[in-house]
Amino acid sequence: MSLPAHAGLHPEAVPGGVVELPVAARGNARPEVRYDGHPVLLQRRGEQWIAVVGIPLDAPVGEQHLDVGPADAPQAQPFPVHAKAYPVQKLTLKNPKMVNPDEADLARIAAERDRQIEIRSRFRDVPVLRTDLDLPAVGRLSSRFGLRRVFNGEARSPHTGLDVAVPAGTPVKAPADGVVSHVGDFYFNGRTVFVDHGQGFVSMVCHLTSASVEAGQAVRRGEVLGLSGSSGRATGPHLHWSVYLNGAAVDPALFIPPPAR
């Protein structure tokens, strides 16, 4: 798949989607804008300040709102969220502990979940000039975002990323400029790299064989972060890529060009 230099974001006002909303005139001071208590990404475009807002997968359908202005006197700016039906995916895992972990692993999993929420919820206040992203590895887009997953006959949380079918050892690259915010090895995700693109805009790549970057390192779009693999909960070698905005997992496919038909 060849990617244009600046494909742009494709907003979709659904759970797991992204909306772009004008919140103030460009001549005004940068406004304070929050969604569900989280600060959101703001860009100057033309004569306006635009909020780029991630909608959580569990957001209710109907009217949602941004809080615009000081925290002690915000103005509600409503926007609609439309329904979207995500398909079901059934998978078989050879290791039953990846479906029903034993007691010894549950504490680790809970601590790792809290740690990941903290990492992806950080707000590094720097300008974000582009919201288009490059696919971190070239391959077939396999498991899509939002799939309602069933492992070994048991329902689990929806898929909060986009899987790319690539063989083990494929270079995995930064989808945009940023700073590596964490490199770790997690029970379900395996070897993982988080890249902070600024203002709560975060990428995560996981199931890696190895990482070639360190926390705190600045990276440029296209720089290698590590090599693909099947560490953690995986049915085989592939790349899992998640994107977060204001702490919410959103569909990575909205940030890349649609596949050629």
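## Strand pairing around β2

Strands β2 and β6 (residues 62-68) pair in the antiparallel sense over 2 bridges; strands count as paired if DSSP finds at least two bridges between them. Helices (H or I, at least four residues) and strands (E, at least two) are DSSP runs, numbered from the N terminus. The bridge partner of V33 in β6 is V68.

The model is predicted, with local features requiring pLDDT of at least 70 and side-chain atom pairs counting only at pLDDT 80 or more, while totals for chains, interfaces and linings use all residues. Residues are numbered from 1 along each chain as its sequence is written, and side-chain values use heavy atoms, leaving out hydrogens and water.

An open sheet of 4 strands runs in the order β3-β2-β6-β7 with antiparallel pairing. Its edge strands, β3 (38-39) and β7 (75-81), each pair on one side only.

R34 belongs to strand β2 (residues 33-35). With a relative accessible area of 15%, R34 is buried (buried: under 20%; exposed: over 50%; partly exposed: in between; 1.4 Å probe, protein chains only).

The R34 side chain makes a polar contact with the side chain of E32 at 3.5 Å. Such a contact is a pair of N or O atoms within 3.5 Å; within protein, one must be able to donate a hydrogen and the other to accept it, and residues adjacent in sequence count only if both atoms are side-chain atoms. A polar atom of the R34 side chain also lies 3.0 Å from the backbone oxygen of G69.

## Position of R113

R113 is located in helix α1 (residues 103-120). Its relative accessibility is 46%, so R113 counts as partly exposed.
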